[in-house]
Amino acid sequence: MTGSRYAFDNDHNESANRHRHLAAMYDDFTLRRITELGLAAGRRCLELGAGGGSVAARLAGLGAKVLATDLNVRHLPPDGRYDILQHDLRRDPVPAGPWDLIHARLLLLHLGSRAEILTRLAAALAPGGVLLIEDFETTFRKGVLRAPTPADAAIYDAYHEALAERVMPSFGNDPTWAGRVHAAMLDAGLTDVTTEVHARSWPGGSAGALLQASNIVQQRAALRDAGLADADLDRILELLNDPGMVVRGHLLYSTAGRA
């Protein structure tokens, strides 16, 4: 990749679990945002970085005509509910529209050319169309709401700091991007720009905790290189399956603008 490498490859054995956890965590929120923005049957929707296809399927269930794209489409079921396109947003043109809705969740923060991409996406909207970008803002700490011991809280905080400040930036991720999307949409000429910030608690064994476990499974070597010991990573995995451990999910900034 130019300027970035995707940290969570769809070819990894853990990727299906990641898509399932993200769908459980955020699909209801995302669909509420979309329906409040006025999606109607027959609208043309572009779902970028579609992952396991959960959002694309729900949009199709609302009567939308959906094109789901991803760099690696192996987790998108070819069941006819929506169209599928293997697509590299950094190098390929935006699929031909114009689009009534363009949605990307947890995609642009991974791409080094994210600001330029946002401008291209805004230009691909139909008149009155909506661009909805949802990304994590990871600079805010205090991710532990309850831990069995203070030492357990400390090692989880160390993991979160290593992931957000060292591991993810090494792949081209910008932890401040989500907080800058609102201004970027206004600069791109979009109107009615709104941002809603979403986060909630997740006890061990629930989707939000298990997403963090997936992070460790997929990025264990990088976390080790960032200074975390294997024993600590093993303990964090235990905690993330323990209902006595409660963590806060990353802040998801959901920003929408209209052409």
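Axes here are lines fitted to C-alpha atoms, for helices over the stretch in contact, and angles run from 0 to 180 degrees between N-to-C directions. Helices (H or I, at least four residues) and strands (E, at least two) are DSSP runs, numbered from the N terminus. You're looking at a predicted model, where local features need pLDDT of at least 70, side-chain atom pairs count only at pLDDT 80 or more, and totals for chains, interfaces and linings use all residues. Residues are numbered from 1 along each chain as its sequence is written, and side-chain values use heavy atoms, with hydrogens and water left out.

**Stop 1: helix H1**

Select residues 15-36, which make up helix H1. After H1 comes Gly38, with a positive phi near 100 degrees.

**Stop 2: H1 against H6**

The crossing of H1 and H6 is left-handed, meaning the near helix is turned anticlockwise from the far one by less than a right angle; clockwise would be right-handed. For the contact itself (heavy atoms within 4.5 Å), show side chains on the H1 side including Ser15, His21 and Met25, and on the H6 side including Ala207, Leu211 and Gln218.

**Stop 3: the seven-strand sheet**

Which strands does H1 lie across? Strand S4 (99-105), strand S5 (125-137), S7 and strand S10 (251-258), with H1 running at about 150 degrees to S7. Those strands belong to an open sheet of 7 strands, in the order S3-S2-S1-S4-S5-S10-S7, with mixed pairing (two strands pair if DSSP finds at least two bridges between them). At the edges are S3 (83-86) and S7 (191-198), each with a single partner strand, so one side of each has no neighbour in the sheet. From one strand to the next, the twist averages 15 degrees.

Zoom in on S1 (residues 44-48) and S2 (residues 65-70): they run parallel and are joined by 4 bridges. Pick Glu47 and you'll find Ala68 of S2 opposite.

**Stop 4**

In the loop between S3 and S4, find Pro98. The peptide bond from Gly97 to Pro98 is cis, with omega near 0 degrees. Then go to Leu106, in the loop between S4 and helix H3 (114-123). Leu106 isn't a glycine, yet its phi is positive, about 55 degrees.

**Stop 5: the three-strand sheet**

Another open sheet has 3 strands in the order S6-S9-S8, with antiparallel pairing. S6 (144-146) and S8 (201-203) are its edge strands, each with a single partner, so one side of each is left without a neighbour in the sheet. The twist here averages 30 degrees from one strand to the next. S6 and S9 (residues 246-248) are joined by 2 bridges, and Arg146 has Val246 in S9 as its bridge partner.

**Stop 6: H4 and H7**

Finally, select helix H4 (residues 150-170) and helix H7 (residues 230-239), whose axes are 10 Å apart at an angle of about 105 degrees. H4 and H7 are therefore roughly perpendicular. Among the residues in contact are Ile155 and Tyr159 of H4, and Arg235 and Leu239 of H7.

Technical notes:
The expected span of a helix is 1.5 Å times one less than its number of residues. Angles under 35 degrees count as roughly parallel, over 145 as roughly antiparallel, 65 to 115 as roughly perpendicular and the rest as oblique.
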